[in-house]
Amino acid sequence: MLVRRSIARSFSTSSATRLYIQNNLNNDQTHPSLQTNPGAKVYDFRSDTVTAPTDEMFEIMKAASRGDDVFQEDRSVKELEEYVANLCGHEAALFCASGTMTNQLGLRTHLSNPPHSVVCDARSHVFLWEAGGIAFHSRASVSPVICRNGIHVTAEEIEGNLIEADIHTAPTRVVSLENTLSGLVMPIDEIRKISELARSRGLAMHLDGARLWNAHMQSGVPMHEYGAQFDSMSLCLSKGVGAPVGSILVGNHGFIDRARHLRKLFGGGWRQVGPLAAVAKHCIEHVVPTMPETHKLAKYLADQLTSLGVQLQVPVHTNMVLIDTTSVGLDVQKDLIPTLLSKNIVIGGQRNKSRIVLHHQVDRKGVDTLIEGVREAIATHQANEPSEPPAQQQAIASAY
Amino acid sequence: MSPVIDNAAREHVYDLTSDTATQPTDEMFDLMKTASRGDDVFTADDDSNDLEAFMANMLGQEAALFCTSGTQSNQIGLRTLLNQPPHSVLCDARAHIFVHECGGLSYHSQASVTPVMPKKGLYLTAEDVEANINKDTLTGAVTRVVALENTLNGTIMPIEEIRRIRAVCDKHGLYLHLDGARLWNASAATGVSMSEYGKLFDSISVCLSKGAGAPIGSIIASTKDRIRHARHLRKLMGGGWRQAGFLAKIARHCIETAVPTMPETHKLATRLANHLQSLGIRLVLPCHTNMLFIDTAPTGLTVEDFAVELKKKNIKITATPGSTISRVVLHYQVTPEVIEQFMDVATSVVKLHGKPVNTTSMETDVKEDNGNSTIEPLTAAYPSGKN
């Protein structure tokens with residue numbers, strides 16, 4: 001059924017010079033050690049993946065079952081998978097080594113027949129940060145959509161970027177959303193609209209819900225209400241939830257059976273992981289409820305930084321503060337990072353942009369030290385440079 | 001080693017279906033607390049880095065990578081050698097990388113496979129390899145990698161033959177990969193060091209979660225450049241795990257405590273093999289290390305007849321309904337007492353239900369070196385693709 005239709009598609013005509021974030025993260029194994037004061041506590045604000053296991057967690061691990069998960073013989077893993085599936089209103093779940101794995105497995109299980117493509121936000125992790133997984137694992141093209149409001153894609157934008165079957169095209173098969181994205185909560189109403197649209201066109205709905213926990217705690221929308229809009233969801237356990245390793249994919253029975261087979265193909269068929277599953281369940285039950293406090297701390301941080309003249313790239317909804325230091329004339333690598341390192345604070349970023357991520361193991365003291373460091377860096381910079389005219393305010397509604 | 005108690009408060013079942021059944025012990029969880037807690041995606045975890053350096057050194061290679069499974073370390077290692085299709089891998093037709101990795105070679109590397117049945121006996125020879133190299137650059141998928149497996153079905157490939165195959169590869173400009181999931185067992189049985197084996201290969205996969213005893217994980221070792229690529233591939237395959245330090249630490253602990261006990265495990269396997277043979281049960285393959293492939297047909301019984309009685313003693317073996325062939329795998333958590341029980345049960349089953357067998361006049365079909373016996377299909381020993 002190849003029908004030629006002219007569809008208004010919003011191509012990227014933005015004048016922004018860099019559409020896609022490139023951290024140029026280095027794969028080099030000779031990783032340079034950080035120049036921090038040894039002995040003092042280090043606060044790593046680069047990501048919530050750094051949540052570390054506690055001694056208590058190893059005790060929980062000891063008490064878990066020790067069966068073989070390749071043969072689905074482990075009680076603790078089954079408990080975790082049933083628990084999360086129920087929470088999300090789905091039939092089944094699959095515990096995997098990483099969010100990349102659960103995302104790519106979820107997408108791969110939907111994408112069975114090339115030519116085909118995925119439509120998603122241009123900033124999506126599945127598109128930018130999974131080593132080209134969609135192309136590699138699913139041989140699928142990607143239609144990256146730059147959202148006009150800078151927060152989330154809309155149903156209109158998704159519809160405008162759907163690709164129909166045509167002799168030349170890779171038709172859209174999956175709509176992949178991310179919530180939270182850059183810490184931003186996608187409103188349930190918009191998700192519902194997109195879900196209706198997708199289902200009316202016979203498209204699958206996948207969610208990169210690595211941080212759905214944060215969205216849920218912030219919005220009050222129950223997990224199963226999100227779950228009802230998607231055919232599959234990938235939920236991370238090793239980020240803000242605090243487990244040392246793992247992520248979980250939810251879907252219906254047939255879907256998860258196929259995903260399990262693919263998991264073995266990916267080399268994710270691991271053995272005695274009951275301890276990891278037990279710890280993950282514990283963290284969901286104990287750490288997720290602390291997220292509102294983390295979100296409050298992030299808001300506090302954002303307020304303090306803006307009062308110093310630093311700007312925000314996007315609003316603060318949950319545990320991330322994305323800053324823009326143009327207005328205070330700081331280069332993140334040259335002016336900010338060294339000052340913070342001397343205070344045992346680690347942040348990432350380049351030029352005038354940085355993403356600061358909080359989690360339950362970050363306390364008020366760490367945040368205050370970070371604020372102090374930024375204050376110092378600004379003062380140092382102003383002392384060294386003559387006063388500059390205020391930076392041009394650009395209305396860039398697109399990516400960072 | 002004291003038996004492991006399953007802390008779901010059930011009676012412990014001794015699982016002899018595979019050495020992947022090795023379970024973590026209570027001491028291991030205590031040890032985990034002392035491990036580093038850095039993020040391994042950023043290569044910022046000391047214990048993960050230490051394990052990798054330790055294994056690279058042990059295998060005579062420049063670098064190594066800690067992966068979630070043997071399938072992953074094999075497929076990643078092979079992928080780093082397979083850069084431009086059309087290309088193919090030459091391996092034993094029974095190889096795990098070909099039969100039990102979900103078609104990974106085709107999927108991850110778009111590679112064809114030339115599966116070779118060893119012409120005379122247990123392992124591929126240099127002649128087997130040379131006779132099957134594909135050089136057709138017009139219509140063929142040229143051979144790029146020769147992949148060996150040691151041990152394969154518990155049997156050992158002699159280092160001399162590996163050297164001969166290395167020479168063939170060098171002559172034809174081919175890479176040589178080793179699926180050394182159970183290389184530990186080969187090394188323990190022959191006295192050849194891990195690095196002496198390791199140095200002969202361009203990439204080596206060594207499993208930590210089988211006989212070596214760790215709950216999770218496997219290692220791929222190769223050159224620095226290939227391991228850098230492997231780390232990137234690992235992320236692509238979803239193996240980029242975070243705070244894996246505690247897994248690395250106990251893997252290291254297991255290498256130091258479980259691996260040295262392998263000679264005892266091998267002795268137990270031989271003891272069991274000899275006893276079963278004395279009852280008339282036939283060995284399909286020689287017992288070189290920790291595995292037995294048995295054929296109960298001469299006794300007139302099926303494997304299930306034994307399995308049912310063994311189960312009553314909490315001993316689990318692979319039993320495909322109606323089949324007389326099974327694979328029995330030992331590891332360090334299977335105690336001598338368990339083997340004594342196994343032998344007693346087998347004796348009484350044969351005595352009560354089996355037909356009398358004259359074992360003194362029975363020819364052993366098993367040749368120790370490359371005699372002219374044919375290798376039998378062992379599919380019945382792998383009912384659900386257990387590895």
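Mentor: Start with A:Lys239, where UniProt places the feature "modified residue: N6-(pyridoxal phosphate)lysine", from an unreviewed entry. UniProt positions follow the numbering used here, feature names are shortened, and annotations may be inferred rather than shown by experiment. This is a predicted model: local features need pLDDT of at least 70, side-chain atom pairs count only at pLDDT 80 or more, and totals for chains, interfaces and linings use all residues. Residues are numbered from 1 along each chain as its sequence is written, chains are lettered from A and ligands numbered from 1 in the order in which they are written, and side-chain values use heavy atoms, with hydrogens and water left out.

Now place the lysine. A:Lys239 sits in the loop between S7 and S8 of chain A. Helices (H or I, at least four residues) and strands (E, at least two) are DSSP runs, numbered from the N terminus. A:Lys239 is buried, with a relative accessible area of 11%. Buried means under 20% relative accessible area, exposed means over 50%, and partly exposed lies in between (1.4 Å probe, protein chains only).

What does A:Lys239 touch? Setting aside neighbours within four places in sequence, A:Lys239 is in contact with A:Asp48, A:Thr49, A:Thr51, A:Ala210 and A:Arg211. Contact means heavy atoms within 4.5 Å.

Step back to the strand S7 of chain A.

S7(A) has strand partners. Two strands pair if DSSP finds at least two bridges between them. Strand S6 of chain A, residues 204–208, runs parallel to S7(A) and is joined to it by 3 bridges. There, A:His206 has A:Ser232 as its bridge partner. Strand S8 of chain A, residues 247–251, runs antiparallel to S7(A), with 4 bridges. There, A:Ser234 has A:Leu249 as its bridge partner.

Look at A:Cys236 again. A disulfide is a pair of cysteine sulfur atoms within 2.5 Å. By that rule, there are 0 disulfides over all chains. A:Cys236 is in none, and the nearest cysteine sulfur, that of A:Cys96, is 11 Å away. A:Cys236 is buried too, at a relative accessible area of 1%.

The wider setting comes from a record. UniProt, in an unreviewed entry, gives residues 44–325 of chain A the annotation "domain: Aromatic amino acid beta-eliminating lyase/threonine aldolase". Over that stretch, residues 44–325, chain A is 43% helix and 16% strand. The end C-alpha atoms of the stretch are 19 Å apart.

Now turn to chain B. UniProt puts the feature "modified residue: N6-(pyridoxal phosphate)lysine" at B:Lys210, again from an unreviewed entry. B:Lys210 lies in the loop between strand S7 (203–207) and strand S8 (218–222) of chain B. B:Lys210 counts as buried, at 7% relative accessibility. Residues up to four places away in sequence aside, B:Lys210 touches B:Asp19, B:Thr20, B:Thr22, B:Ala181 and B:Arg182.

Follow B:Arg182 next. It lies in the loop between strand S6 (175–180) and helix H8 (183–190) of chain B. B:Arg182 is buried, with a relative accessible area of 8%. Its side chain makes a polar contact with the side chain of B:Asp19, at 2.6 Å. A polar contact is a pair of N or O atoms within 3.5 Å; within protein, one must be able to donate a hydrogen and the other to accept it, and residues adjacent in sequence count only if both atoms are side-chain atoms.

One cysteine in chain B is worth a check. The sulfur of B:Cys207 is 10 Å from the closest cysteine sulfur, in B:Cys67, which is too far for a bond. B:Cys207 is buried, with a relative accessible area of 1%.
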